[in-house]
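Please look over the structure below.

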Amino acid sequence: MPKDSNGHLVAGRVSPTRFVPRQIVRPEYVGKPGPSRFTGSDIYGAEAVGRIRESGRIAADAIAVVGASIRAGITTDSLDVIGHDYIVANGSYPSTLGYRGFPKSLCSSVNEVICHGIPDDTVLEDGDIVNIDITAYKNGVHGDSNQTFIVGEATPQVTDLVERTRESLNRGIKAVAPGREVNVIGRAIESYARRFDYGVVRDFTGHGVGEAFHSGLIIPHYDAAPAYSTEIVVGMVFTIEPMLTLGGIEWEMWADDWTVVTKDRSISAQFEHTMVVTERGAEVLTLP
Ligand code: MF3
Ligand code: CO
Ligand code: CO
């Protein structure tokens with residue numbers, strides 16, 4: 001069921017909605033078709049940054065707990081159970097659950113899935129890669145992070161893609177400095193990725209995050225200059241989340257309206273952190 005005769009992923013069966021204890025505070029969009037338009041700021045003071053750091057730590061810890069269970073034979077739905085239970089046990093809400101109709105508590109994006117894969121009865125196999133993207137909401141703020149894991153042992157080509165995608169995020173983070181335009185981030189990522197001839201996905205981006213899951217601020221992962229000229233300022237909070245592929249950057253959406261796959265079915269990897277801008281650069285808020 002998880003793959004067709006060409007080894008390409010196909011949609012599996014999605015389990016019933018998981019329970020969130022009533023005392024866990026929901027984001028405003030839960031139970032609605034989508035979020036209200038965000039009218040707040042992308043710039044936060046120390047107290048709010050502290051709250052985002054707490055949500056970010058829960059998201060990071062949840063990813064680590066899920067990651068420790070990744071092995072051949074496990075389903076992405078079982079990973080969702082582990083992530084969901086960790087998030088709610090820590091007094092937070094899994095931000096993706098009920099976000100614009102997304103049905104699960106994390107995104108699990110396998111192999112050619114670029115992003116937004118839905119956990120289902122897909123069984124992970126040796127040599128697969130799987131991205132686990134978790135956002136936790138607590139004390140009125142979201143922290144958003146993801147990592148790509150290798151199941152068992154992958155080919156050198158795929159292992160290199162995963163490690164270089166991690167490195168491209170680090171390069172993007174190092175490019176952050178007050179007074180620069182946000183497009184410097186994508187320039188750093190793309191110039192690194194181009195060395196290896198990787199595809200650099202353009203149509204899914206980093207974003208302002210905090211009181212809103214997606215604030216409206218966009219952080220491109222390619223060199224978009226002179227577009228995306230927003231000045232980076234101290235206290236700004238956003239994600240960087242590059243998606244690199246072994247092939248092209250064109251994509252298709254599955255009939256579930258969420259799962260984004262490479263059109264050429266090439267393998268895609270992603271890493272994401274939430275960060276706050278400081279005088280010295282960026283402080284990552286999604287650390288264990
Ligand atoms: N966490 C994803 C991001 O990095 C967003 C997931 S939205 C969902 O922005 F609805 F697909 F879960
Ligand atoms: Co994000
Ligand atoms: Co995310």
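At what angle do helix α3 (residues 156-174) and helix α4 (residues 183-194) pack? The angle is about 150°, and their axes are 8 Å apart. This is a predicted model, in which local features need pLDDT of at least 70, side-chain atom pairs count only at pLDDT 80 or more, and totals for chains, interfaces and linings use all residues. Residues are numbered from 1 along each chain as its sequence is written, chains are lettered from A and ligands numbered from 1 in the order in which they are written, and side-chain values use heavy atoms, with hydrogens and water left out.

**Reading the names**

- Helices (H or I, at least four residues) and strands (E, at least two) are DSSP runs, numbered from the N terminus.
- Axes are lines fitted to C-alpha atoms, for helices over the stretch in contact. Angles run from 0 to 180 degrees between N-to-C directions.

**The pair α3 and α4**

- α3 and α4 are therefore roughly antiparallel to each other. Angles over 145 degrees count as roughly antiparallel, under 35 as roughly parallel, 65 to 115 as roughly perpendicular, and the rest as oblique.
- The crossing of α3 and α4 is right-handed. In a right-handed crossing the near helix is turned clockwise from the far one by less than a right angle; anticlockwise makes it left-handed.
- On the α3 side, the contact is made by Arg-164, Glu-167, Ser-168, Arg-171 and Gly-172. On the α4 side, it is made by Ile-185, Ala-188, Ile-189 and Tyr-192. Contact means heavy atoms within 4.5 Å.
- The residues of this contact of α3 with α4 comprise four nonpolar, two polar and three charged. Ala, Val, Leu, Ile, Met, Phe, Trp, Tyr, Cys and Pro count as nonpolar, Asp, Glu, Lys and Arg as charged, and the others, Gly among them, as polar.

**The pair α1 and α2**

- The axes of α1 and α2 come within 9 Å. They cross at roughly 145°.
- The crossing of α1 and α2 is right-handed.
- α1 brings Ile-58, Asp-61, Ala-62, Val-65 and Val-66 to the contact. α2 brings Leu-79, Ile-82, Gly-83, Tyr-86 and Ile-87.
- The contact of α1 with α2 holds eight nonpolar residues, one polar and one charged.

**Helix α1 itself**

- How far apart are the end C-alpha atoms of helix α1 (residues 46-68)? They are 32 Å apart, which agrees with the 33 Å that its 23 residues should span at 1.5 Å a residue. The expected span is 1.5 Å times one less than the number of residues.
- Among the buried residues of α1 are Ala-48, Val-49, Ile-52, Ile-63 and Val-66. Buried means under 20% relative accessible area, exposed over 50%, and partly exposed in between (1.4 Å probe, protein chains only).
- The buried residues of α1 pack against α2 (76-89), β4 (129-138), β5 (141-150), β9 (237-240) and β14 (273-278).
- Gly-67 is buried, with a relative accessible area of 14%. The C-alpha atoms of Gly-67 and Gln-23 are separated by 27 Å.

**Loop residues and their partners**

- Arg-71 is found in the loop between α1 and α2. Arg-71 is partly exposed, at 49% relative accessible area.
- Arg-71 and Gly-152 are 81 residues apart along the chain, yet their C-alpha atoms are separated by 6.3 Å. Leaving aside neighbours within four places in sequence, Arg-71 is in contact with Leu-124 and Val-151.
- Ala-225 sits in the loop between β8 and β9. Ala-225 is partly exposed, with a relative accessible area of 37%.
- Leaving aside neighbours within four places in sequence, Ala-225 is in contact with Asn-183 and Arg-187. The C-alpha atoms of Ala-225 and Arg-187 are separated by 8.3 Å.

**Backbone points to check**

- The peptide bond from Ala-225 to Pro-226 is cis, with omega near 10°. Pro-226 lies in the loop between β8 (218-219) and β9.
- Arg-100 has a positive phi of about 50°, although it is not a glycine. Arg-100 is in the loop between β1 (93-94) and β2 (107-110). Arg-100 is partly exposed, at 48%.
- Asp-197 has a positive phi of about 65°, and it is not a glycine. Asp-197 lies in the loop between α4 and β6 (199-200). Asp-197 is exposed, with a relative accessible area of 65%.
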